[in-house]
Amino acid sequence: MKILMVCLGNICRSPLAHGILEHLAAENGLDWQVDSAGTGNWHVGEGPDRRSTRTAREHGIDISKQVCRLFRISDFDEYDHIFVMDRSNLSDILAKARNAADAQKVKLLLGDAIVPDPYHDDTQFEPVFQMIEKGCKEIIQKLK
Ligand code: 4NP
């Protein structure tokens, strides 16, 4: 199974989703490949936001080695499922879909709820971690 996590900057939410799902997959003995990407290019080549790295570390997950990259069209070929954090990520990625098969791979991580962008609010990283972890646990249950 190959799963891609997508948000706007690829420094706050999707790196957490990437690290959490990778961690849960390993705990469950699943040979899954997980990656993350962003729709915006501001932080390409950088590591995750320190607040995400710290929050993940507090939960025993190391995301410090991840490197920010842009979503690319070939991700539709490469990945079985593409999970996005909010509705603007959803419309940005769906706008790039070449056909119905591409579009069917794209879903909100939380089904019909969104993971809000914590970038401008330090207090939101832990709640965002919790939301993403819940979504990742559901993915494990559904797809394992
Ligand atoms: P993310 O948060 O989409 O969860 O990575 C953001 C990080 C940076 C920016 C926007 C959102 N930015 O505009 O730089």
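Me: Is Asp 77 buried or exposed?

Reply: Quick caveat: this is a predicted model, where local features need pLDDT of at least 70, side-chain atom pairs count only at pLDDT 80 or more, and totals for chains, interfaces and linings use all residues. Residues are numbered from 1 along each chain as its sequence is written, and side-chain values use heavy atoms, leaving out hydrogens and water. Buried means under 20% relative accessible area, exposed over 50% and partly exposed in between, with a 1.4 Å probe and protein chains only. Asp 77 comes out at 53% relative accessibility, so the call is exposed.

Me: Which residue does the side chain of Asp 77 meet in a salt bridge?

Reply: A salt bridge here is a side-chain nitrogen of Lys or Arg within 4 Å of a carboxyl oxygen of Asp or Glu. For Asp 77 the N to O distance is 2.7 Å, and the partner is Arg 98.

Me: Where do Glu 138 and Lys 134 lie?

Reply: These two form a salt bridge, with the closest N and O atoms 3.7 Å apart. They are four residues apart, about one turn of the helix, and both lie in helix H6 (residues 125–143).

Me: How many salt bridges does the structure hold?

Reply: Another one joins Asp 49 and Arg 51 at 2.8 Å, N to O. In total, the structure holds eleven.

How values were computed: Helix = DSSP H or I, 4+ residues; strand = E, 2+ residues; numbered from the N terminus.
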